[in-house]
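Open the model in your viewer and keep the selection tool at hand.

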Amino acid sequence: MPRKPTAIIFLGLLLLLLLTFCHADPGSNCPKTSPLVNLESQFKMLQHQLRGSIKILDDCSFQVSNFDMLSGSDVHWWGAVAPDFNNLTAGFVISDQKLNETYKSASFTVRLRDNVTWDQIQVLAVWDLPTSSDFGHIVLRDVVNRSSGSSDLAPSPSPASDSGNGTGQVHTEPTMLVNCKSLSDDFRVRWTLRPEENVIDIGLEAATGSTNYMAFGWARPNITHQFMLGADVAVAGFKEDGMPFVDDFYITKYSECTVYKDGSVKGVCPDTRYEGSAPNGFVNNTKLVYGHRRDAVSFIRYQRPLESADKKYDLAVKHTEKRTVIWAVGPIRPPDTLQPYYLPQNHGGPQDVVYGHLELNVSEHVDDCYGPIEADDKEDQHLIIADAKAPLVVTSGQAVHYPDPPNPSKVLYINKKEAPVLRVERGVPVTFSIQAGHDVALYITSDPLGGNATLRNASETVYAGGPEAQGVQASPKELIWAPDRNTPDLVYYQSLYDQKMGWKVQVVDGGLSDMYNNSVILDDQQVTLFWTLAPDSISIAVRGEKKSGFLAIGFGRGMVNSYAYVGWIDNIGKGRVNTYWIDGKDASSVHPTHENLTYVRCRSENGIITFEFTRPLKPSCGKSDKPECKNIIDPTTPLKIIWAMGATWTDDHLSDQNMHFATSSRPIRVLLMRGSAEAEQDLQPVLAVHGFMMFLAWAILLPGGILAARYLKHVKGDGWYRIHVYLQYSGLVIVLLALLFAVAELRGFFFGSLHVKFGTTAIFLVCMQPVNAYLRPKRPNNGEQVSSKRLLWEYLHVIGGRSAIVVGFGALFTGLKHLGDRYGGENVDGLNLALIVWFLICALIVIYLEYYERQRRRNRSIGRSNWVLGNLEEDDSVDLLSPNGIHSEKESHTSGRMEVQLEPLNR
């Protein structure tokens, strides 16, 4: 019993020692011999919204402060000897600590592995092992050089000791600023104040679309309402090529910037719009410092003066006073011919979500940004949706915005887009046209790195491609891959010889290619059209290939006089499709129509708009004269289609801000029944020759042969017959040659159009005439009765020839109509008129000849008082099918011919 307290005391002391050692500083027993000890720096953000600072404590550990990061799959602390791609990927794990969770303003100590020293580490990174992804890193060598004054890189500004910002730490990364204020769940403003330099650095950060703007600025002093009017704001965003921009704006009206007829400028306008550009920078007082998009989050840092030389359009920032600031996010309109600026559109949406105001004193230290901003959809790369009938052109080029650093200097491009996300459908073959060079062999793999996983002692599944899948532009290699039901939802297109040149392939079930029978890519490869024909209707789907606020197609040769279909997502996130008739080039010329659309759908995926609808081929309007009643689709005639994209659309009052920022450069003729398309182009010379030859044959030679047979038989001899045959054969030869020219130029013979049907019928009839002439029955001798075969032959020959001419005339007129439909010829109406005048002239000539022939016959029958037996004027017994014109039915020679002349009786 007396020993019990002694045992308890001993156990208590042992527990205290254990707790002491467990909570001891990891570096308490570690020396501080490395020259990097006490070094401080910030992480360079590359992915997963990584931010934070480190301080090297000793030879074994370092302290991490204010650490933000979105979670990864298998993330470790990583070391490398240099920041280039090859050295980073050949690096090593330096600590047993894993970073697989989301970190929010965290601070902790990290201990190096026992076999790792600072001498081995030139680059300290946060690394995801499965994807070899660098979330962010610090180049220790650069930090040492900066501290010794030998760095080539100028450090970013540091806060002044008297600015009220607190720490005095040197911030070397542009994403790191002293203060941070959350304006909404998805929008933050960061800043560093430097009053002694009359400068404030501002960083705008928002989880928003790549085509949206971020705006922040100061309202007029002492204002209590309408905070935007008179406000001095900076508008920042990203251009179409992914480069950041920021401009100084001044707001005079709640509208888009507008230049009025008197030259005045009002609205949300850049300062330079009011006063023009100034070489001294006094008008545009914002200076872009840095910008990036990571994980669908935009970040742009800029500088502006506290006191500006521009007193008219810039407000002074009284940094020691609490002032009202305003902010907004929303869609932006790219420059066009009317407005050469990026102009913010109406932000819409609820207050404190997409716009708002608050009181802010920038000299007070603020940091209420807890953790990283996380976008709903972090995939921000270009998206290409594969189509079974359109090959994907694979090339290689310089890495500019590769989505998963680190990466080599050369990466894969698909359809001129850098490392896009490729979406394919199971069961739909995908064709790759590989033109990336002989040193790039494309393959589809389960390995996110590529470069032949077996060389890294790793396993992978290859779904398509390999060493043979390489080619150049002059000799591309075709690779066809058909993902099936066993293909995983996510695979990768990569190079067999180098790692991380490609990116993701999303494999989905079914889609537009499966739902529609036909598809074509419209002009400039920015819009894909899908359709399925039914007996009385057509189902259409339209998909954009780039991000936009609305997508539109039009039926017509241009915007003016076209029927338009516009798909967009409204303010409440609902997909809409509206129809319009456009008869001008301004907003007032866009007139809503009420077409009978069914099965209407519209959606947006990563900013890519797709809309679908079904409509009747012929609107059922009765006797109505509404514009939509004339919007008839004839499947046998090429349908001319144009497209346009823009930032915003509305079904209310349209204005110039709803104008498109991209449009097709020319219409595409879509052959609905053939399932193909061809660009609008000028009439080919060969087809012009085809038309002239057909006119020569059907309007001159062949009718001339018929007229010779009808009106020249009274001429003695066989001249009429020779003229008839020679003209007919000449016309037939020209017709056949013209037909061959057209077939060769159009690379085929298709019966879809009315012109081809008329032409084929006419050619068949005219070709039957020589056959008919060759098979003609024997002509009866003088005094013999005409046989029924001969009589039938004569009827067939005459009716067939004249029918061929009538159908040929129809082919000429339908050919001109086809010319207008196919090529939009501006002179088609004039050619039609000329053809009509020609036929009227020919008709007058025929009427005159017919009248003359009847008069001649009447005069001969009543006025002639003698005749010569055997001298028949209409003897066609000469066989003109024979080249010698031999008489086939002569019963006597000319030398033995007997004439009997009868004299009238004199009474």
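Accessible areas here come from the Shrake-Rupley method with a 1.4 Å probe. By that method, the protein chain exposes about 46000 Å². Carbon and sulfur atoms supply 55% of that area. Remember throughout that this is a predicted model.

**Whole chain**

Select everything and switch to cartoon view. Ten helices and 47 strands make up the count for the protein chain. The chain has 907 residues, and 48% of them count as buried. Now think about contacts between residues at least 6 apart in sequence. Of these, 62% join residues at least 24 apart.

**Stop one: Ser298**

Select residues 297-305. This is strand 20, and Ser298 is found in it. Is Ser298 buried or exposed? Its relative accessible area is 1%, under the 20% cut-off, so Ser298 is buried.

Show side chains next. The side chain of Ser298 makes a polar contact with the side chain of Arg293, at 2.4 Å. Then select what surrounds Ser298. Leaving aside neighbours within four places in sequence, its contacts are Leu204, Glu205, Ala206, Thr208, Met214, Phe238, His292 and Arg293.

**Stop two: the largest nonpolar core**

In soluble globular proteins, nonpolar side chains tend to be buried together. The largest nonpolar core of this model has 32 residues. Which of them touch the most other members? Select Leu422, Phe432, Trp481 and Tyr493 to see them.

Not counting residues up to four places away in sequence, Tyr493 touches Leu412, Ile414, Ala419, Pro420, Leu422, Leu442, Tyr443, Ile444, Gly502, Trp503, Lys504 and Val505.

End on Leu740, which has its place in helix 7. Is Leu740 buried or exposed? Its relative accessible area is 56%, over the 50% cut-off, so Leu740 is exposed.

Technical notes:
Residues numbered from 1 in each chain as written. Predicted model: local features only at pLDDT ≥ 70, side-chain atom pairs only at ≥ 80, totals over all residues. Heavy atoms only, no water. Helix = DSSP H or I, 4+ residues; strand = E, 2+ residues; numbered from the N terminus. Buried < 20%, exposed > 50% of the residue type's maximum accessible area, 1.4 Å probe, protein only. Polar contact = N/O pair within 3.5 Å; in protein donor to acceptor, adjacent residues only side chain to side chain. Contact = heavy atoms within 4.5 Å. Core = buried A, V, L, I, M, F, W, Y, C linked by side-chain atoms within 4.5 Å.
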